[in-house]
Amino acid sequence: MPELPEVEASRQLVHRQAVGQIATEVQCEQDDIVFSEKCHQELENHLRGKTILNTGRKGKYMWMILEEPPHPIFHFGMTGGFFSPDEPSIELENSPIKGENPWPPKYTKFYIRLSNGAQLAMVNK
């Protein structure tokens, strides 16, 4: 289970990679626990082409602040976290990507490619 420092590390990763960037590709899996309010296709359509202005976090919830609402909110659940192929990640004993190398990782619920070429995946078993 990710603790608050791991959730904050994920928020910082997203902040470093995504703030000021445009979402050029977005893929979401339907998961009512991970996503709040929007279905996966609505979220994909809404995010694509939008600039990410900031990130926030409270507890195990993290969000992206876009140029216009609604802003996506993610819940980290029991094993959630954001990962990037460009930066090393914290791997807990129960990490959903422990020892894996494929990209995007297994159990990816949310994938985004950004205008700077960065890629992020929100993974949750």
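Buried here means under 20% relative accessible area, exposed means over 50%, and partly exposed falls in between (1.4 Å probe, protein chains only). The model is a predicted one, so local features need pLDDT of at least 70 and side-chain atom pairs count only at pLDDT 80 or more, while totals for chains, interfaces and linings use all residues. Residues are numbered from 1 along each chain as its sequence is written, and side-chain values use heavy atoms, with hydrogens and water left out.

By that cut-off, phenylalanine 74 and phenylalanine 110 are both buried. A search of the whole structure turns up four aromatic pairs, where rings of Phe, Tyr and Trp (its six-membered ring) pair if their centres lie within 6.5 Å, and planes under 30 degrees apart count as stacked, over 60 as edge-to-face and the rest as tilted. Helices (H or I, at least four residues) and strands (E, at least two) are DSSP runs, numbered from the N terminus.

Phenylalanine 110 also pairs with phenylalanine 82, this time edge-to-face, with 6.1 Å centre to centre and 80° between the planes. Since phenylalanine 82 belongs to strand 5 (residues 81-83) and phenylalanine 110 to strand 6, the pair ties together parts that are 28 residues apart in sequence. Phenylalanine 82 has 2% relative accessibility and counts as buried; for phenylalanine 110 the relative accessible area is 0%. Ring pairs link Phe74, Phe76, Phe82 and Phe110 into a cluster.

Four strands make an open, antiparallel sheet in the order 1-6-7-5, two strands being paired if DSSP finds at least two bridges between them. Strand 1 (23-28) and strand 5 are the edges, each with a single partner strand, so one side of each is left without a neighbour in the sheet. From one strand to the next, the twist averages 15°; axes are lines fitted to C-alpha atoms, for helices over the stretch in contact, and angles run from 0 to 180 degrees between N-to-C directions. Five bridges hold the antiparallel pairing of strand 1 and strand 6, and cysteine 28 stands opposite phenylalanine 110 of strand 6. Helix 1 packs on the sheet, touching strand 5, strand 6 and strand 7 (119-123), and its direction makes about 35° with that of strand 5; contact means heavy atoms within 4.5 Å. Helix 2 lies across strand 1 and strand 6, running at about 175° to strand 1.

As for charged side chains, the structure holds five salt bridges, each a side-chain nitrogen of Lys or Arg within 4 Å of a carboxyl oxygen of Asp or Glu. Glutamate 8 takes part in a salt bridge with arginine 11, the closest N and O atoms being 2.8 Å apart. These two are three residues apart in helix 1 (residues 4-18), and so are separated by about one helical turn. Arginine 11 is buried at 16% relative accessibility. Glutamate 8 also meets arginine 57 in a salt bridge (2.9 Å, N to O), which links helix 1 to strand 2 (residues 52-58) across 49 residues. At 28% relative accessibility, arginine 57 is partly exposed.
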